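Trainee: I'd like to learn how to read features off a structure. Can we take them one at a time?

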Amino acid sequence: MDRQKEFVLRTLEERDIRFVRLWFTDVLGYLKSVAIAPAELEGAFEEGIGFDGSSIEGFSRVSEADTVAKPDASTFQILPWASSKGHQHSARMFCDIAMPDGSPSWADSRHVLRRQLNKAGDLGFSCYVHPEIEFFLLKDLPNDGTPPEPADYGGYFDQAVHEAAPNFRRHAIDALESMGISVEFSHHEGAPGQQEIDLRYADALSMADNVMTFRYVVKEVAIGEGVRASFMPKPFSDQPGSAMHTHMSLFEGDTNAFHNPDDPMQLSATGKAFIAGILEHASEISAVTNQWVNSYKRLVHGGEAPTAASWGPSNRSALVRVPMYTPNKASSRRVEIRSPDSACNPYLTFAVLVAAGLRGIEKNYELPPEAEDDVWSLTPAERRAMGYRELPQNLDDALREMERSELVAEALGEHVFDYFLRNKRKEWEDYRGLVTPFELKSYLGL
C-alpha cells in the first residue's frame, strides 16, 4: 500500500473519523456521495465500491449497470463540520469511476478531463487554472416560481455589514482553507446578495475537484448562517448573472509557456495560439461551458457577459482577456475566459477549454486583431462589420453548434457527448413548451 493510503488509514484512526464520504460527479455536474465506515476503506482502496451506474445521470445502461467507485487517496480531506460532541467526524475523497474489469468509465467526468490533460502532457504542457466563482446568497430558495429575495442589498466591493449572514464569507473561507483549498480574494459582487470568492491557482484536475467542494461547502455554510446559496446563472432579470471567469495558463516545467518578455503584451506565440483556439471553437464549446437554459439569460446583449468571440488585454467586454495587473511577472501571464458560469460541470468545462486551446497550438491558429471597443455596446450589425462572430444566444443554438463539432466529440468521448446532447435536447424541448408568466401577462387578453 502506498504512503498516501497509509496516511489516510492512520488519520482515520488518530482523528476518530466515523464516516468516509466517497464523492464523484455525474455528467451534468451534480455531486454524488456514498458514505462508508472506516473499516471498509482499505478494501475500497483495493477493489473499489460497487454501485448501480444506471441510476446515475449519464453513466450506464441497465444492461451494463455494475460500476465501481475507486477512492483517490490524494484527495482525502477532513470535512469542517463538527459532530454534536464537538469532534470532526467525517472525511471525503473523490473517486475515479471504473468498469468491473478495471478500465476507466467513459462517463466519468474526472476521466474526461484527465484524458485532455494527458494530451497536454504529451505536448509538454501542464495546465493551471484559477477561477473567480460568483454566486448569490438568498433569504430562501422558493420552489413555487415566486422571485427569490437577496440576503442583502450591497453592491460591488461594498464593505457594509448586513443583518443576514454578516460573517458568511469569513466562515466559508475558514471552511475551505481547513480543507486545503486556498482562497485568493473574496468580495461582494455587483448585484444584491451576490458574492465572489476566487480560488488560488492549482492544476486543472485538482481545481475541478476544488470547485465541486467549493459549491458543497458554500451551500453548507450558508445554511448554517440562516440563508441559502444559489449557483443559478441568472436568478434576477434586472441584475447581472453569476459567472465563473476561468484563468488558464500552460507551463513547460517551471516556465510559463504563455510568457514572452519581448512581446508588447508579454504574450508568447503559444499563448496567442491558445486564445485563437478558444475563439475559433467558442460556439462549439458553449453548450458545455453554459449548459442550462438559464445560462443564456446571462449571455445577453448589453449585459456584463460575453456575447461575441473577441479578445483583448484588460477588456472585460471580450470573451477572452489578457489580465495586465502584473505585466512584468512571468508566472502571472495567463488568459481569462469569461463565458463559463458557476453552474457548469467544471471537469467537462476545463476539458473543452483545454481541447480548444491545444487545437489552436497544434494547428498554429492565427490570432485575430484585439478588440479595442466596448463590445457590449456594439450592435449585432456593428459586431459583424468588425469581424466578431456572435456566440449562441440560447441552448438550442449552442447544441446545434456542439452537434457539428468534431473537437467537442473527441474531447468528451462518444458516451458523454451523446448523453449530454440527448439530455440537453430534452431540457430545451421542456422549456420550449412551457407557458411562462411573461406570456400570460402579455397575451392572455388577446
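Trainee: How exposed is Glu-403?

Mentor: Compare its relative accessible area with the cut-offs. This is a predicted model. Glu-403 has a relative accessible area of 44%, so Glu-403 is partly exposed.

Trainee: Which residue forms a salt bridge with Glu-403?

Mentor: Look for a side-chain nitrogen of Lys or Arg within 4 Å of a carboxyl oxygen. For Glu-403 the partner is Arg-425, with the closest N and O atoms 3.4 Å apart. The pair links distant parts of the chain. Glu-403 lies in helix H11 (residues 395-403), and Arg-425 in helix H13 (residues 414-432). They are 22 residues apart.

Trainee: How many salt bridges does that rule give?

Mentor: The count comes to 22 salt bridges.

Trainee: Where does the pair Arg-10 and Glu-14 lie?

Mentor: Check the elements and the spacing. Both residues sit in helix H1 (residues 3-14). They are 4 residues apart, about one turn of the helix. Now the accessibility. Arg-10 is partly exposed at 41%. Glu-14 is at 58%, so Glu-14 counts as exposed.

Trainee: What about Asp-209 and Arg-110: how far apart are their closest N and O atoms?

Mentor: Those atoms are 2.8 Å apart, and the pair forms a salt bridge. This pair also links distant parts of the chain. Asp-209 is in helix H5 (residues 204-224), while Arg-110 is in helix H3 (residues 109-122).

Trainee: Is Asp-209 buried or exposed?

Mentor: Buried means under 20%. Asp-209 has a relative accessible area of 5%, so Asp-209 is buried. Arg-110 is at 4%, so Arg-110 is buried as well.

Trainee: Which residues are linked in a network of salt bridges?

Mentor: Follow the contacts from one residue to the next. The network is made of Asp-72, Asp-96, Arg-110, Arg-114 and Asp-209. The buried Asp-209 and the buried Arg-110 are among its members.

Trainee: Now cysteines. How many disulfides are there?

Mentor: The test is a pair of cysteine sulfur atoms within 2.5 Å. The count comes to 0 disulfides.

Trainee: What does a nonpolar patch look like here, and which residues form it?

Mentor: Look for nonpolar side chains on the surface. Val-435, Leu-440 and Leu-444 form such a patch. Together they have about 320 Å² of accessible area. Leu-444 is in the segment after helix H14 (437-443). At 66% relative accessible area, Leu-444 is exposed.

Trainee: Last one. Where does Ser-237 lie?

Mentor: Find the elements on either side. Ser-237 is in the loop between strand E11 (228-230) and strand E12 (244-252). Exposed means over 50%. Ser-237 has a relative accessible area of 76%, so Ser-237 is exposed. Then compare sequence with space. Ser-237 and Gln-291 are 54 residues apart in sequence. In space they are 19 Å apart, C-alpha to C-alpha.

Technical notes
Residues numbered from 1 in each chain as written. Predicted model: local features only at pLDDT ≥ 70, side-chain atom pairs only at ≥ 80, totals over all residues. Heavy atoms only, no water. Helix = DSSP H or I, 4+ residues; strand = E, 2+ residues; numbered from the N terminus. Buried < 20%, exposed > 50% of the residue type's maximum accessible area, 1.4 Å probe, protein only. Patch = residues over 30% accessible without salt bridge, like charges linked within 9 Å, V, L, I, M, F, W, Y side chains within 5 Å. Areas by Shrake-Rupley, 256 points an atom, 1.4 Å probe, with all protein chains shown as cover.
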